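Reader: I have a structure open and want to learn how to read it. Please take me through the features one at a time.

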Amino acid sequence: MPRSVGPSRPPTDAGPPYPFRQFIVKVHGRCNLACRYCYLYEGPDTGWRDRPAAASDAVLALTADRIAEHAAAHRLPAVSLVLHGGEPLLAGTDRLAAFAALVRRRVPGHTRVRVTLQTNATLLTAARVRDLARARIAVGVSLDGGRARHNTARVDHAGRPSWPAALRGTRLLAEHAPEAYAGILLVVDPEQDPAEVYTSLLRLRPPAVDLLLPHGNWSAPPPGLHPPPGPPARTGAGAPAPYGDWLAAVFDLWWAAGRRQTRVRLFEEAIAALLGLPTGTESLGLDPFTAVVVETDGSLEQTDSLKSAYPGAAATGLTLGRNTFDDALTHPGIAARQSGPAALAADCRACPLLHACGGGHYAHRHRAGAGFGHPSVYCADQQRFLHHVAAALARATGTGPARDPTTAGEGGTR
């Protein structure tokens, strides 16, 4: 199941390594669905098969202790706890609530804990919605749109459609516990009509929408992209950008609305990045990435998106039993994701979109045998989308399209 994971906003005067502020805990490592595009269970990394189906009470207790230790050592004012899987509701709402309460008790008094659960919504019932709201657990729902035909790839292990149950669960959340409704996460499909998808989501009353690009790279391109062979280079203007076109179309609907019915985090973060402000997404900007994953066996890993590149790409070799979260900060992969422009390709460092784009999502830069030191496979799409947003900003501020802040010679993006 995809998710939205982004960096927090560290103090501007701090230097690397930046402490973790988002802790993604795999409370259950299996899923009741078998989505056909799932990069985790259908992708190249099959390490999940060798791990326990669910995190034990001992692993959860140690996780709470390690989070508290990290928060105390770095005097963190707030941390994000993401209950994840698989499908975390397979662990039961009682266990989820108990774990959230344990983390809140263990962290120092100066640290606030925001708890979010990411679910496919098929297992939500009225009772479970009440339990989660009572435990102050916000619920994010993963869908591919607001209609049955948008969700044909989201099936159970017998091939049956998940849409009826997902729709029922999402409506329960919106109607009975809107305070616990975090929003909807959607993976972009350029074959789907952008206006139809966006308006269908609005009918589900999400307070926020996260739009993610499907995970792919230069060696395993995402659907609809056909990068040229040979070493990847920054795609020039005029190259096909189906994902950028799709995002631009939805942005126009959102931007032009007299009263916006939902937040779209990607759009808000794009605007922030273009204005030189910190971002909260892994896909844009140069803010250091500050998320870490705890697997069901207590292993510490980088985020699941890396598993779309090759087996073991997310592994660190560290475990909660032997290591602290500070130990994970020194892992080369995590250090690279906190090093800003130094980890980017030369083409990216020379690009006028550098500070807004930030090279794109780390996993999308991979090429087999050549690592992650390349522009994103979505380079043309990133350019198309960011130039479109920049033009809208220029018009709104009265400077006109000719003063697009992403244009070379205009001082870059900051």
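Predicted model: local features only at pLDDT ≥ 70, side-chain atom pairs only at ≥ 80, totals over all residues.

Author: Strands of a sheet pair through backbone hydrogen bonds, either parallel or antiparallel. Here an open sheet holds 10 strands, and the pairing is mixed. Read across, the order is S7-S6-S5-S4-S3-S2-S1-S8-S9-S10.

Reader: Which are the edge strands?

Author: They are S7 (263-264) and S10 (315-319). Each of them pairs on one side only.

Reader: In which sense do S2 and S3 pair, parallel or antiparallel?

Author: Parallel, over 6 bridges between S2 and S3 (residues 112-119).

Reader: Next, the backbone. What should I look for?

Author: Most residues other than glycine have a negative phi, and most peptide bonds are trans. Look for departures from that. The peptide bond joining Gly-85 and Gly-86 is cis, with omega about 15 degrees. Gly-86 sits in the loop between strand S2 (78-84) and helix H2 (93-106).

Reader: Which residue has a positive phi of about 50 degrees although it is not a glycine?

Author: Arg-75. Its place is the loop between helix H1 (57-73) and S2. Arg-136 also has a positive phi, near 60 degrees. Look for Arg-136 in the loop between helix H3 (126-134) and strand S4 (137-142).

Reader: Is Arg-75 buried or exposed?

Author: Exposed, because its relative accessibility is 59% and the cut-off is over 50%. Arg-136 counts as exposed too, because its relative accessibility is 59%.

Reader: Now the aromatic rings. How do I describe a pair?

Author: A pair of aromatic rings is described by the distance of the centres and the angle of the planes. The count for this model is 12 aromatic pairs. One of them joins Phe-251 and Trp-254, at 5.8 Å centre to centre with 45 degrees between the planes. That pair is tilted.

Reader: How many residues apart are Phe-251 and Trp-254 in helix H6?

Author: They are 3 residues apart in H6 (residues 242-256), so about one helical turn separates them. Both Phe-251 and Trp-254 are buried.

Reader: What lies over the face of Trp-254?

Author: Arg-260 does, at 4.2 Å from the ring centre. Show Trp-254 with both partners: Phe-251 as the tilted ring, and Arg-260 over the face.

Note on methods:
Residues numbered from 1 in each chain as written. Heavy atoms only, no water. Phe/Tyr/Trp six-rings, centres within 6.5 Å; stacked < 30°, edge-to-face > 60°. Helix = DSSP H or I, 4+ residues; strand = E, 2+ residues; numbered from the N terminus. Buried < 20%, exposed > 50% of the residue type's maximum accessible area, 1.4 Å probe, protein only. Lys NZ or Arg CZ within 6 Å of the ring centre and 35° of its normal. Pairing = 2+ DSSP bridges.
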